[in-house]
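Visitor: Please walk me through this structure. I would like each label set against its cut-off.

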Amino acid sequence: MNETAVQMVTSRDMANAIRALSMDAVQAANSGHPGMPMGMADVATVLFTQFLKYDPKHPDWADRDRFVLSAGHGSMLLYSLLHLTGYDSISMDDIRNFRQLGSPCAGHPEFGHAAGIETTTGPLGQGIATAVGMALAERLLAARYGDAVVDHHTWVIAGDGCLMEGISQEAISLAGHLKLNKLIVLWDDNKITIDGPVDLSSSEDQAARFRAAGWNTLEADGHDQNAVADAIRKAKASDKPVLIACRTIIGYGAPNVQGTSAVHGAALGDKEVAAAREHMGWTSPAFEIPADILSAWRSAGAQGASAYQAWQGRVSAMDAAKRAAFEQGQRGELPNLDAAIKDYIASLIAKPANVATRKASEMALDVINAAVPETIGGSADLTGSNNTKSKGQGVVKPGDFAGSFIHYGIREHGMAAAMNGIALHGGLIPYSGTFMVFTDYCRPAIRLSALMALRVIYVMTHDSIGLGEDGPTHQPVEHLAALRAMPNLDVMRPADAVETAECWQVALESAHTPSILALSRQNLPQLRLTNSAENLCARGAYELIPADGTAKVTLFATGSEVAIAADARTALQAEGIPTRVVSVPSFELFERQTPAYQKQVLGDGTARVAVEAGVRQGWERFIGTDGGFVGMSTFGASAPIKALYEHFGITAERVAAEAKARL
Ligand SMILES: Cc1ncc(C[n+]2csc(CCOP(=O)(O)OP(=O)(O)O)c2C)c(N)n1
């Protein structure tokens, strides 16, 4: 490094490198958001050169600080920082190809596209809520393994949009309650959104809102790097999470448009780009960073190498068993799970349990949580209904992270996003529950679990009209179909205690796919009464009861309706109609089977009827165009379960009649 040259480089020059790259990349793509990166360049420069703990050469360092660009539209800020600080994952060519197919520099930051992108952001508010999960994971792991190996901050850059979104309230309220004091939010307080000034649509006192939720708040002129550094220094000493309101000018550096919504989300145009160059004194052509400025950035990026080495030394010095557990968690391996589930299923075969699948899930969790210490459970204030807390599971409390069960409160959306953060952080496997109907309240975060390919397990109980008296607001009808429509999400609806255990195993072993476990409120008979060497649910659909004779009818069912299908089969067999029952715990898992297996399960040439207490959409895959479907086509109603199943005609008689009508 040329020391003299570095001394001549100012931190404002370094920030201007971000501004230049951002405006030039947006100009080249002729789309994107230059305003936010240009406005927050000074703040980000302070963070990445003076405070953030990271090592571009070891981007997977378990104890690195996490940086979340919640205002994901400002993606060029992140790409610039990663390139400038020396991450190999973002080259200058990648930046030139901003927003083009195949470039890791996508329109919004996409997790998995380049090292250093800690999470996918873009849907406003998700980033800050995900960061709460990361900060929580850090404290949970620190409680287990000690501050010597887990001791990092989680930083967020959030804009007005993130803070206006409802999810931000759930997130800040949870973080404040838990006293996640190593979470620091840098708010891009530029008072501009797309439609114009923030006061078009909002007049709240943001800092007061954060304080009411248990945060400390600070403010700084976001273009005075010393003031920003002072505020960050104070924030790091806080015993509560901290919001730093950074007063900035959107598009800072573009002289004719800065401070206006015009600079939020459109290329500046050649004339304004030239004017900004002139204004900033930036003489380099597009996509060229003067050597001295690049060198200053690279040495900032290299600062973390010694901290990484020191951390490695501390990991080596750990007690051997603890270290092995820590590293196993980081790798995400589950060496004890398979044997534990097999033993547990054998015990169910020996002593069948006719319980609700939510209860069966709790029984499975008693086994799983003992065998897989990485699990972190929770519920959105329905712990006793979701049955997500296993025997002896300790509860996480404000400032006390020794437990592994989180009372997320009535914050379903925040809970789901926090689970994404826990999974992204690494070292832990989050699962948590609410009522199935409230997957709608979680859906934007579930979508990100799926898009980011995270191991997040959603325990969704009360999965049909079978919940009874709470009525149609609480009864999912379209939810299974809606969730099955989402790519890379495994929706599983087990029929009994054995299937529930098998589905849990599939969910835990799916390292790159989130799972929904749809579980019943009502008791169900155990239908699996013999041991199987194989996890049958992993097949997605399988013949549960063969026909007595050459099958003329195939009945398909999921979850609580499998028992109804079994009753219908008994009736049909009694009438001399050989009938088989196929249990379909998961459409998605079935699609991954071989065509030969699928053909065999589908039972070509038989009359086909499906029964599920939900809408028909999607069932054609199993029943074809001429099959029968017994389910729901309207919302449910408030009544005892028996009356509801009769009222909506989800009965064995109806299933048998639909079959006979097709013979
Ligand atoms: C959930 C969601 N709604 C809407 C959008 C579209 N959108 C992107 S940026 C933005 C305005 C954000 O304003 P602010 O956070 O102040 O960003 P700035 O103008 O400062 O860049 C909107 C509405 C989005 N990305 N996500």
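**Labels and their grounds**

Guide: Start with helix α10, residues 225-236: at 1.5 Å a residue its twelve residues should span 16 Å, and its end C-alpha atoms are 16 Å apart, so the two agree. The expected span is 1.5 Å times one less than the number of residues. Helices are DSSP runs of H or I with at least four residues, strands are E runs of at least two, and both are numbered from the N terminus. This is a predicted model: local features need pLDDT of at least 70, side-chain atom pairs count only at pLDDT 80 or more, and totals for chains, interfaces and linings use all residues. Residues are numbered from 1 along each chain as its sequence is written, and side-chain values use heavy atoms, leaving out hydrogens and water.

Visitor: Which residues of α10 are buried?

Guide: Q225, V228, A229, A231, I232 and A235 are. Buried means under 20% relative accessible area, exposed over 50%, partly exposed in between (1.4 Å probe, protein chains only).

Visitor: How do you know that the buried residues of α10 line one face?

Guide: Seen down the helix axis, they fall within an arc of 165°, so they line one face. The arc is taken from the directions from the axis to the C-beta atoms. On the other side of α10, N226 and K234 are exposed.

Visitor: What covers the buried residues of α10?

Guide: The cover includes α2 (11-29), α3 (35-51), β2 (154-159), β3 (183-189), β4 (216-221) and β5 (242-247).

Visitor: Why is R493 called buried?

Guide: Its relative accessible area is 1%, and the label needs under 20%. R493 therefore counts as buried. R493 lies in the loop between β10 (490-492) and α21 (497-509).

Visitor: What makes the R493 pairings with D463 and S560 polar contacts?

Guide: A polar contact is a pair of N or O atoms within 3.5 Å; within protein, one must be able to donate a hydrogen and the other to accept it, and residues adjacent in sequence count only if both atoms are side-chain atoms. The side chains of R493 and D463 pair at 2.8 Å. Those of R493 and S560 pair at 3.0 Å. Both labels therefore follow from the definition.

Visitor: Which residues does R493 touch, not counting residues up to four places away in sequence?

Guide: Among them are L480, E499, T558 and E612. Contact means heavy atoms within 4.5 Å.
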